[in-house]
Amino acid sequence: MKAVENDSRSQLSHRSAAAANLGLNRFRLNESQLNAVEDSVAAMGSPSPSLKLIWGPPGTGKTKTISAILWAMLLRGHRTLTCAPTNTAVLEVASRVVQLVQEFSNGGSGGCFLSDIVLLGNNEKMKVEASHELSAVFLDYRVERLSQCFSPNGGWGHCLRSLIDFLAEPVSKYQLYTDKITKDREEDEEKKKNISSNVLIDKKNKNVARCNKGNGHEKDRCNNEGDVLMFVTLPFKDFVRATHKELAHNLCHCIETLQNDFPRDPTTALSFSHMSSVVEATRVLGELLDAGAGDRHEAWVNNLGDACSLCSVNSDPPCKKCRFRKARSLCLGQLEYLRNNLKLPGCYDKRPIEIYLLQRAKSIMCTVSTSFRLYNVLPTDNHKPVGGQGQRQLKEPEIFPPLELLVVDEAAQLKECEAMIPLQLPCIRHAVFIGDERQLPALIKSKISENADFGRSIFERLISLGCPKHLLDTQYRMHPEISRFPVWRFYGGEIGDGPNVVFKSHRRRLLRGNMFGPYSFINVRGGRESSEEHSRSPKNTIEIAVVSLIVERLFRESASSGTRLSVGILSPYNAQVRAFQEKLEKPYGSRDGFSLKIKSVDGFQGGEEDVIIISTVRSNEDGAVGFLRDAKRTNVALTRAKHCLWVIGNATTLSKNRSVWQDIVYDSQRRQRFFHADRDKGLSDAIQAATIELDAADNLRKMGSLQCAP
């Protein structure tokens with residue numbers, strides 16, 4: 001027994017040490033998440049390929065786990081490709097990783113930089129604008145910024161040479177400046193003389209000039225004044241201040257771009273350190289120049305760094321001029337180091353810069369379909385030279401570490417054929433798939449394809465082949481009253497509730513009455529199904545009336561209490577979704593402190609809100625529920641709410657059908673979470689009014705059909 005305990009403690013100690021080395025302690029991962037991360041990282045040390053599956057039910061922290069894996073890979077120096085079926089999922093992961101780098105890298109002291117991350121895709125479809133937080137890692141914007149730095153005219157090299165030349169010989173630069181001003185003035189005076197000698201002024205023109213007196217003369221006078229101002233020569237002190245300010249600003253702008261966007265490696269570490277020193281040195285020089293330290297020629301012509309006779313024998317702090325000479329000397333030394341050691345690629349066109357960045361990025365993120373752009377970019381081995389039109393060929397092939405790991409989020413929504421796009425990229429040896437096969441699968445419109453299992457995800461295929469999977473076993477989203485049924489029905493009770501949802505603070509009493517607790521089935525008797533013209537999708541106007549009144553109450557309560565509230569309305573049917581949008585989006589869609597989202601169940605996968613209201617629509621004597629019987633779709637609908645989940649439906653219709661909805665109705669009755677909508681006075685009035693309106697509409701249609709009959 002003691003041996004077992006000692007072995008267990010040894011393993012725990014080893015895991016704790018590994019977690020600390022990878023910086024995982026800051027993530028506050030639970031045991032299942034930590035196991036998944038450590039297993040994925042440990043597989044990278046294996047000489048043989050590996051495949052890991054992580055099963056992430058709703059609210060169990062899939063994105064957090066993926067972020068921890070990618071962070072650990074960045075620290076270890078393993079190059080990764082992260083994919084997902086949708087832009088939304090990719091952006092969520094990218095946003096989380098960027099936040100981690102900004103929060104924990106400490107300016108790069110942790111070994112991670114934003115320049116290590118590349119987000120690849122279509123900025124219009126991803127809705128990543130130049131002001132978006134992810135524009136810092138978005139490939140198109142990064143290429144645009146670096147192309148300005150790589151440019152031979154006005155780029156890094158030009159700015160660096162200009163500042164070095166100025167700091168080394170400012171007196172000569174001033175002489176060139178004054179000579180140019182003098183030459184320009186002489187040329188302008190000569191031009192004016194030539195114009196005057198060729199102008200013949202006759203009496204007629206004089207009369208015209210008198211008629212327009214004031215206007216032309218004032219204009220000439222302004223032009224003459226402008227000419228005089230154009231040739232004003234700045235005194236030496238103003239010249240050096242203005243020139244240093246402009247050149248330092250241009251160079252610091254390039255430095256900022258390179259520090260944020262240029263890929264780093266061990267050979268460039270010292271160069272980037274010197275960049276930071278240059279920024280500080282130029283700032284100090286600017287302050288000294290503004291204080292008058294460089295006003296006289298003598299301050300620039302003496303030997304760099306030499307102390308004056310007084311400071312050389314005095315131990316007190318050096319004088320202003322000596323500080324200036326020292327700062328100038330240090331700045332020039334750092335600039336010369338950068339000129340001699342930091343070699344930027346000779347890329348001027350967009351495509352070569354893209355290739356350069358993608359070949360060196362440590363973490364690339366894109367949709368599965370976009371990953372095809374990496375073919376013919378990533379090397380087939382680790383000795384492929386840099387190539388491309390507009391790019392300087394290096395004398396020796398540059399060595400790139402291979403892209404080793406593929407991470408796929410929402411893998412259960414990814415068709416097998418789609419998964420082959422990134423899996424066949426060269427050098428991919430390890431893969432981690434994260435998903436939940438008990439939520440919605442990939443969309444297949446063809447019934448023939450669906451029956452042939454063409455819609456089966458690679459995640460499902462691997463599970464059917466017996467591949468082991470890590471279960472993330474703690475959910476942090478739903479109130480326990482909400483999670484109780486889906487955890488029992490869809491996950492066999494294997495998921496526990498996190499401490500945050502168990503606390504009383506997670507329970508929010510938003511409306512009065514037991515009907516509006518954390519979880520309720522609200523029975524709407526007498527509802528009617530109807531279809532839109534030219535559409536087979538059903539809708540239920542009685543349920544629309546009930547839900548609309550509930551939303552109105554929630555909005556009033558939120559406004560009166562000043563509490564922020566997010567509400568989501570879900571329905572499996574598009575006609576019902578459109579009807580809700582037409583009625584509710586305008587009055588409640590965009591209010592301060594109150595947000596309302598109305599989507600189909602399929603469109604809400606991956607989302608969450610404080611309150612979720614589900615409109616089931618179906619209400620008929622036959623118990624027909626259509627594709628509402630789909631257990632995966634029902635699982636998604638039931639697991640989106642954080643604080644309150646209210647299911648609106650006809651219990652008689654739903655319980656007649658032997659599907660998951662029969663279990664939902666019976667479970668709510670057994671748990672005393674079953675309520676009749678007409679027992680609430682306001683809801684009863686809304687149902688009655690909607691019924692009268694519906695009857696009137698039916699009567700009008702019948703009368704119209706009778707009049708049209710022959």
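How many bridges join β3 to strand β4, and do the two run parallel or antiparallel? In this predicted model, 3 bridges join the pair, and the strands run parallel. Strand β4 spans residues 363–367. One of the pairings can be named: isoleucine 117 has serine 363 of β4 as its bridge partner.

Helix α4, residues 87–104, packs on the sheet. The helix touches β2 (79–84), β3 and β4. Its direction makes about 160 degrees with that of β4.

The two strands belong to a wider arrangement. Strands of a sheet pair through backbone hydrogen bonds, in either a parallel or an antiparallel manner. Here, 7 strands form an open sheet, and the pairing is parallel. The order across the sheet is β3-β4-β2-β5-β6-β1-β7. Strands β3 (117–119) and β7 (469–471) stand at the edges. Each has a single partner strand, so one side of each lacks a neighbour in the sheet. From one strand to the next, the twist averages 20 degrees.

Helix α7 was examined next. It covers residues 156–168, 13 residues in total. From first C-alpha to last, α7 reaches 18 Å. This is close to the 18 Å expected at 1.5 Å a residue. Buried residues in α7 are Trp156, Cys159, Leu160, Leu163, Ile164, Phe166 and Leu167. These residues cover an arc of only 165 degrees around the axis, which means that they lie on the same side of α7.

The cysteines were then checked for disulfides. The count comes to 0. Cysteine 331 illustrates the reason. The closest cysteine sulfur to that of cysteine 331 belongs to cysteine 252, at 8.7 Å. A disulfide requires sulfur atoms within 2.5 Å, so the sulfur of cysteine 331 is too far from that of cysteine 252 for a bond. Cysteine 331 counts as buried because its relative accessibility is 0%. Cysteine 417 counts as exposed, with a relative accessibility of 54%.

Values for the whole chain complete the description. The chain holds 27 helices and 18 strands. It has 710 residues, of which 47% count as buried. Among contacts with a separation of 6 or more, 79% come from residues 24 or more positions apart.

Notes:
Residues are numbered from 1 along each chain as its sequence is written. This is a predicted model: local features need pLDDT of at least 70, side-chain atom pairs count only at pLDDT 80 or more; totals for chains, interfaces and linings use all residues. Side-chain values use heavy atoms; hydrogens and water are left out. Buried means under 20% relative accessible area, exposed over 50%, partly exposed in between (1.4 Å probe, protein chains only). Two strands pair if DSSP finds at least two bridges between them. Helices (H or I, at least four residues) and strands (E, at least two) are DSSP runs, numbered from the N terminus. Axes are lines fitted to C-alpha atoms, for helices over the stretch in contact, and angles run from 0 to 180 degrees between N-to-C directions. Contact means heavy atoms within 4.5 Å. The expected span of a helix is 1.5 Å times one less than its number of residues. The arc is that of the directions from the helix axis to the C-beta atoms.
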